[in-house]
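Work through the exercises below with the sequence and the model open. Each task is followed by a solution in steps.

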Amino acid sequence: MKKKLLSLLLATIMVVGLVTGCGNGGEDVASGGSGASNIDSNVTDSGDGGNSGDVQVGIVLPTKDEPRWLQDQKQFETILGDAGFTNQVLFSQGSSATEKTNVETLISKGIKVLIICAQDGAAASAAVEEARDAGVKVIAYDRLITGTDAVDYYVTFDSFAVGAAQGQYLIDNAPSGSNVPLYLYAGAATDNNAFIFFEGAWSVLQPKIADGTFKIANSSEAEALKDKAELSREEIGTIIGQVTTDWDFNVAKSKAEAHLTAASADVKGDVLVLAPNDGTSRSIADVFATDKDITKYVITGQDSEMASVQYIIDGKQSMTVFKDTRTLAADSVAMAVDILDGKEPATDSSYNNEKIDVPAKQTAIVVVTKDNVKEALIDSGYYEASEFTGLE
Ligand code: BGC
């Protein structure tokens with residue numbers, strides 16, 4: 001944790017140094033400020049110093065309706081604002097059309113760098129191609145944009161490790177015996193990450209499914225593929241097609257209800273649930289908690305959203321994966337600074353987006369359970385202890 005704080009500090013200092021020093025390609029730097037004001041329900045202006053014609057870094061995030069992305073917004077506003085960078089954060093509210101309009105708005109404000117977390121990885125290609133044509137460098141943030149060569153860099157967590165950690169947690173906390181019921185849920189098929197998370201989870205769960213330790217409870221497609229250690233993207237797509245939550249709490253809830261209604265007695269009792277993220281985990285957990293034939297459930301998540309941290313403290317969600325948005329935001333800002341300064345940003349990996357290999361910077365993840373929640377999330381300064389009840 002200390003290391004991460006240090007790297008955040010370094011990134012911030014670097015940004016301040018460049019802005020107050022000579023770098024920045026002669027741009028007119030207005031104060032980023034910190035006073036966020038809502039322009040409308042889809043748009044948050046994180047402070048461009050009132051000079052709407054001069055925004056250096058534009059940030060587009062998928063939705064305000066999931067706490068995950070508000071965490072990222074907060075980090076961007078802190079880092080860019082403190083550094084005096086002109087910037088604006090816009091939300092796409094689940095719509096690729098709004099996302100494209102947001103990108104166009106930012107291009108018209110003169111951005112040099114676009115940091116974008118796509119609503120739909122394939123659909124976003126048109127928006128980033130427009131940005132590229134306007135001379136803007138594009139950093140894909142958290143979610144890869146696919147099928148285009150107009151993505152310059154990708155800043156991401158290790159998403160395969162996220163899925164593998166979720167799967168491994170289920171294995172490590174499974175009841176003993178064989179044919180332990182396993183319910184599978186996945187993210188949105190429009191999000192490349194949903195495939196990577198599932199691939200990671202499958203890499204550890206599949207041997208346990210194939211040898212009869214676990215029994216898939218809710219996906220005939222996964223059942224049909226249970227002997228394949230590695231799945232193609234298309235095969236993962238067929239499973240996701242069946243068990244997707246669309247990253248939507250309501251979809252997750254109604255799917256879980258339908259699965260439990262249809263489930264026979266042999267897939268009730270003590271069960272395991274692969275839930276792809278915290279929001280869907282809470283919805284699914286609420287459904288499993290009220291089924292009288294479910295005696296115990298172990299359920300995964302990711303994002304360390306505050307509500308899920310409280311669920312973990314209360315024993316209603318079993319684990320989450322901490323993806324430190326401070327690091328991700330700092331990494332992408334550091335990249336933006338390098339770009340503005342005419343330098344080649346450092347990368348440590350690459351991701352193929354079906355068109356090109358996109359140079360990437362990857363960040364590690366941390367598994368959080370009741371046992372280490374304080375150390376991982378409070379002692380690291382991510383949350384305040386006072387934001388939770390029952391924390392020991
Ligand atoms: C992100 C997750 C998030 C999910 C839903 C994914 O692309 O990596 O952190 O929970 O989208 O918004």
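**Exercise 1.** Which residue in the hairpin of β13 and β14 takes a positive phi?

Solution. The model is predicted: local features need pLDDT of at least 70, side-chain atom pairs count only at pLDDT 80 or more, and totals for chains, interfaces and linings use all residues. Residues are numbered from 1 along each chain as its sequence is written, and side-chain values use heavy atoms, with hydrogens and water left out.

Step 1. Locate the strands (DSSP runs of E, at least two residues, numbered from the N terminus). β13 covers residues 349-352 and β14 residues 357-363.
Step 2. Check the pairing (at least two DSSP bridges between two strands). The two strands run antiparallel and are joined by 4 bridges; S350 has P359 in β14 as its bridge partner.
Step 3. Read the turn. Of the hairpin with 4 residues between its strands, E354 has a positive phi near 80 degrees.

**Exercise 2.** How many residues surround the ligand, and which are the closest?

Solution. 
Step 1. Count residues with a heavy atom within 4 Å of the ligand. There are 13, and E66, R68, D142, D191 and D303 are the closest.
Step 2. Assign helices (DSSP runs of H or I, at least four residues). α2 (67-82) and α6 (192-210) each supply at least two shell residues.

Key: A residue is near a molecule or strand if one of its heavy atoms lies within 4 Å of it.
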